[in-house]
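My notes follow the display.

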Amino acid sequence: MYAERVLSGMRPTGRLHLGHYHGVLKNWVKLQEEHPCLFFAADWHALTTAYDTPEVIEDHVWEMLIDWLAAGVDPSQATLFIQSRVPEHAELHLLLSMMCPLGWLERVPSYKDQQDRLGGKDLGTYGFLGYPLLQAADILIYRADTVPVGEDQVPHVEMTREVARRFNHLYGREPGFEDKARDAVRKLGSRRARMYAELRVRFQQDGEEDALEQAKALLEETQNLSLGDRERLYGYLEGNGKMILVEPDSLLTEAPRIPGLDGQKMSKSHNNTIFLREDDDSVARKIRTMQTDPARARRTDPGDPDKCPVWQFHVVYSDESTREWAQNGCRSAGIGCIECKQPVVDAVIKEQAGLRERARPYIEDPSLVRNILADGCERARKLAQETMRDVREAMGLSYG
């Protein structure tokens, strides 16, 4: 069984905004305290739609990384790296493309959705079609078992699981697998070997899931096994071959909804964002001009907070007493919309001040960010190289 790892990445498509902060980055900060995490800047993914304007990607990468650090992503707890600095991603993507059915790529929901959304862009390229497979390679190269995603990204993780399963089925059947597996069983010692054999029969013949979990726990507590023998015993237990690539699980992340200034989803394409590290005057101006409940045409008209985008900001930024004040004041027309917005303005400005303060050292000395990334890329590449050695060997490409 491979080590527990969480992997997540972000495309460098421009400045990050409050939607990114509350929807992704705050969750990363929490995850890094609970799990070994790898977070990467997906610059090759940015090329799938910005292939004709590559000059903007580098600046976006560095700005995005500063935003990560300002948000509290900690390079002493998590590995931060740039996708293109680990060329093994591309090698695994190429090798997976040899055995991935074309229909698997065409059925990914985001393939059609993005073509429709970016209708003015020529997306009839393999890079765009192969985006989900490159995403699968990003995950599988680190044998990550957990991928934090929103619901719209679950199909990508499911496809990654299918790719790993197909790869293991095609290439995990090493010559003499069963003989090697039986030899590995003997290395468990007589008592553990007997328990393993009994649990394997109970799972394979009787379908007892508890027996499978007990057998996995038995292997996890056995210290004297090589990595190769451990992989064989996991595969032998489940009736498969050697496990080379790990099937990841989705971790659905709960995130507060931060609407854009117009009530739609916050997005640069909608021009309705509040960026991270934005100056106070700009933040105040944007929030004060936000759309509110259209029923409040006049100051004396009562409103419905559930129909007002500003209320969603109160849910995230205000304490209980302030939310109660906003609810009652809106519904009774006791306060006007400008009054209602002021606590939100104050709270967002306070948050932005903290982000700017944490970003200042990296802006003043860009070498700090570059050193963090150099260390992270080196750590990531070592993990990727371990996986690729096993992949090449399984596919007959090691050549001794």
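**Overall.** I started with the fold and got 18 helices and five strands. Helices here are DSSP runs of H or I with at least four residues, strands are runs of E with at least two, and both are numbered from the N terminus. This is a predicted model, where local features need pLDDT of at least 70 and side-chain atom pairs count only at pLDDT 80 or more, while totals for chains, interfaces and linings use all residues. Residues are numbered from 1 along each chain as its sequence is written, and side-chain values use heavy atoms, with hydrogens and water left out.

I boxed the C-alpha atoms along the principal axes and got roughly 80 × 45 × 40 Å. Of the 400 residues, 49% count as buried. My cut-offs: buried is under 20% relative accessible area, exposed is over 50%, and partly exposed is in between (1.4 Å probe, protein chains only).

**Annotated spots.** UniProt, in an unreviewed entry, puts a short sequence motif, the 'HIGH' region, at residues 12-20. Such annotations may be inferred rather than shown by experiment; their positions are in the numbering used here and the feature names are shortened. Pro-12 has its C-alpha 8.7 Å from that of Asp-59, although the two are 47 residues apart along the chain. Asp-59 belongs to helix H3 (residues 57-71) and is exposed at 54% relative accessibility.

The unreviewed UniProt entry also marks Asp-138 as a "binding site". Is Asp-138 buried or exposed? I found Asp-138 buried, at a relative accessible area of 1%, and placed in helix H8.

Most residues other than glycine have a negative phi, so I noted two exceptions. Arg-143 is not a glycine, yet has a positive phi of about 50 degrees. Arg-143 sits in the loop between helix H8 (131-140) and strand S4 (146-149) and is buried at 4% relative accessibility. Ala-333 also has a positive phi, about 60 degrees. I located Ala-333 in the loop between helix H16 (320-332) and helix H17 (337-364), buried at 13%.

**Salt bridges.** I have 24 of them down for the structure, each one a side-chain nitrogen of Lys or Arg within 4 Å of a carboxyl oxygen of Asp or Glu.

- Arg-107 pairs with Glu-162, the closest N and O atoms being 2.5 Å apart. This pair links distant parts of the chain, 55 residues apart: Arg-107 is in the loop between helix H5 (102-106) and helix H6 (109-117), and Glu-162 is in helix H9 (residues 154-171). Arg-107 is partly exposed at 47%, and Glu-162 is partly exposed at 24%.
- Arg-356 meets Asp-280 at 2.9 Å, N to O. Arg-356 is in helix H17 and Asp-280 in helix H14 (residues 280-288), so the bridge ties together parts 76 residues apart in sequence.
- Glu-378 meets Lys-382 at 4.0 Å, N to O. These two are about one helical turn apart because they are four residues apart in helix H18 (residues 367-394).
- Arg-161, Arg-165, Glu-247 and Asp-249 are linked in a network of salt bridges.
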